[in-house]
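This report concerns a single protein chain. Please consult the sequence and the structure shown below while reading.

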Amino acid sequence: AAEEAAALRSQLAAAERSYKEASRGRTEEHEAYISEIEAIGGVCEDMQNQNARLLQQLTDRDEYASSMVRERLAAGQGAQTAPAALAPC
């Protein structure tokens, strides 16, 4: 019985060491995944900021283009009415 108990203690100690090694490996793997997820999150945030800046640039350019078209139309209408105003009656 004593020999069997010693053998069981030895097996238990071996199983405990094996568990700790496996657990340590999993913990390191989990930490690596967490680091990777955090890095990806940071990149996503940077991309969202860049997209917001680019969208603002597009909006500004569209507004500028629209104002240029309005000015050109207004200038064209003014040029068309000026000769009519100068025409003899």
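The sections below describe the fold, the surface and the salt bridge of this predicted model.

## Secondary structure

The chain contains 1 helix and 0 strands. This helix, α1, covers residues 2-86.

## Surface and burial

The chain has 89 residues, of which 1% count as buried. Its accessible surface comes to about 8,200 Å². Carbon and sulfur atoms account for 57% of that surface.

## The salt bridge

A search of the whole structure finds 1 salt bridge. The side chains of Glu 16 and Lys 20 form this contact, at 3.9 Å from N to O. The pair counts as a salt bridge because the cut-off is set within 4 Å.

Glu 16 and Lys 20 both belong to helix α1, where they stand 4 residues apart, about one turn of the helix.

Glu 16 has a relative accessible area of 43% and is therefore partly exposed. Lys 20, with a relative accessible area of 47%, is likewise partly exposed. Both residues fall in this class because it lies between the buried limit of under 20% and the exposed limit of over 50%.

Note on methods. Residues are numbered from 1 along each chain as its sequence is written. This is a predicted model: local features need pLDDT of at least 70, side-chain atom pairs count only at pLDDT 80 or more; totals for chains, interfaces and linings use all residues. Side-chain values use heavy atoms; hydrogens and water are left out. Helices (H or I, at least four residues) and strands (E, at least two) are DSSP runs, numbered from the N terminus. Buried means under 20% relative accessible area, exposed over 50%, partly exposed in between (1.4 Å probe, protein chains only). Accessible areas come from the Shrake-Rupley method with a 1.4 Å probe; for residues, only the protein chains shown count as cover.
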